[in-house]
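Open the structure in your viewer and keep the selection tool ready. Each stop below says what to select and what is there.

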Amino acid sequence: MNGTKIWLVGFMGSGKSTLGALLAEKLNWGFLDTDVAISQEVGLDIGAIFLKHGQDYFRGLEGRLIQQISQQTCLVVATGGGMPIFHPLEGLGEIIYLHADFEVILARLQQDSNPRPLFENTTQLHTLYTQRHPFYARMATHTLNANQCPSQVLNQLLELVSNIYKI
Ligand code: S3P
């Protein structure tokens, strides 16, 4: 199956990394988490990259990474929440928006051990969420309800993917 790539997009805490890894395993495809790849390349965690080099530098690395992987096939990509906002992904494969409600996102981020440099406080996070939602919704080739637990969202993803690729 050539020419196949799935980009999981959505707000921080929507489950892209967890679900991307599970989906890739089920499909027997490759998996790439863009934050992990960038963090490994720079040798710093994402928070430290923002702190030391700034957001523009991080976005530059995201753009370069998209170029690097654009030719790969049979790949599931878990994107960082801002990646498709700063870099167009249209035409590069299936773009699946994992859409979770703000309350669900907030609860997950508050429990998450991975600190997000762009999560300053609830009001600011809500503003960012509201700004970004229409962009994700517009670019997505498919949207899923990501409020549920990972196993339930994974089932939705598997059903969707089997419909898309007729597998
Ligand atoms: C960001 C989301 C993060 C990470 C960085 C910026 C964003 O990824 O790329 O902190 O702009 O929303 P997750 O969506 O995996 O948290």
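The tour goes through a predicted model, one selection at a time.

**Stop 1: the largest pocket**

Begin with the largest pocket, which holds about 710 Å³ of space. Its lining is made of 37 residues, and those closest to the centre are G13, S17, D35, N114 and R116. Select these five to find the middle of the pocket.

Next, colour the helices that give two or more residues to the lining: α1, α2 (34-42), α3 (46-53), α4 (55-69), α6 (102-111) and α8 (150-165). Which element gives the most? It is α1, with four residues. If you colour the lining by class, you will get 15 nonpolar, 12 polar and 10 charged residues.

**Stop 2: the annotated binding site**

Now select G13, S14, G15, K16, S17, T18 and R116, which an unreviewed UniProt entry lists under "binding site".

Zoom in on G13, in the loop between β1 (5-9) and α1 (16-27). Is G13 buried or exposed? Its relative accessibility is 13%, and the cut-off for buried is under 20%, so G13 counts as buried. Leaving aside neighbours within four places in sequence, show the residues in contact with G13: I105, R108, L109 and R116.

Then move to G15, also placed in the loop between β1 and α1. At 23% relative accessibility, G15 counts as partly exposed. With neighbours within four places again set aside, G15 is in contact with G20, L98 and R108.

**Stop 3**

Most residues other than glycine have a negative phi. The next two selections have positive values.

Select N28, in the loop between α1 and β2 (30-33). Phi of N28 is near 60 degrees, and N28 is not a glycine. The residue is exposed, with a relative accessible area of 71%.

Then go to K166, in the segment after α8. K166 has a positive phi of about 55 degrees and is not a glycine either. Its relative accessibility is 71%, so K166 counts as exposed.

**Stop 4: aromatic pairs**

The last stop is about aromatic rings, which form five pairs in this model. Select W29 and Y165: how are these two rings arranged? Their centres are 5.5 Å apart and their planes stand at 65 degrees; over 60 degrees counts as edge-to-face, so this pair is edge-to-face. The pair links distant parts of the chain, since W29 is in the loop between α1 and β2 and Y165 is in helix α8, 136 residues apart. W29 is buried, with a relative accessible area of 11%, and Y165 counts as buried at 17% relative accessibility.

Now select F102 and Y129. The ring centres of F102 and Y129 are 5.4 Å apart with planes at 65 degrees, so this pair is edge-to-face. F102 lies in helix α6 and Y129 in helix α7 (residues 122-139), so the pair ties together parts that are 27 residues apart in sequence. F102 counts as buried at 8% relative accessibility, and Y129 counts as buried at 11%.

How values were computed. Residues numbered from 1 in each chain as written. Predicted model: local features only at pLDDT ≥ 70, side-chain atom pairs only at ≥ 80, totals over all residues. Heavy atoms only, no water. UniProt positions renumbered as here; feature names shortened; annotations may be inferred. Buried < 20%, exposed > 50% of the residue type's maximum accessible area, 1.4 Å probe, protein only. Contact = heavy atoms within 4.5 Å. 1 Å grid on protein atoms, 1.4 Å probe; cavity = no way out; pocket = protein on both sides within 12 Å on 5 of 7 lines; lining within 4 Å. Points joined across faces, edges and corners; volume = space filled by probe spheres on them. Nonpolar A, V, L, I, M, F, W, Y, C, P; charged D, E, K, R; others polar. Phe/Tyr/Trp six-rings, centres within 6.5 Å; stacked < 30°, edge-to-face > 60°.
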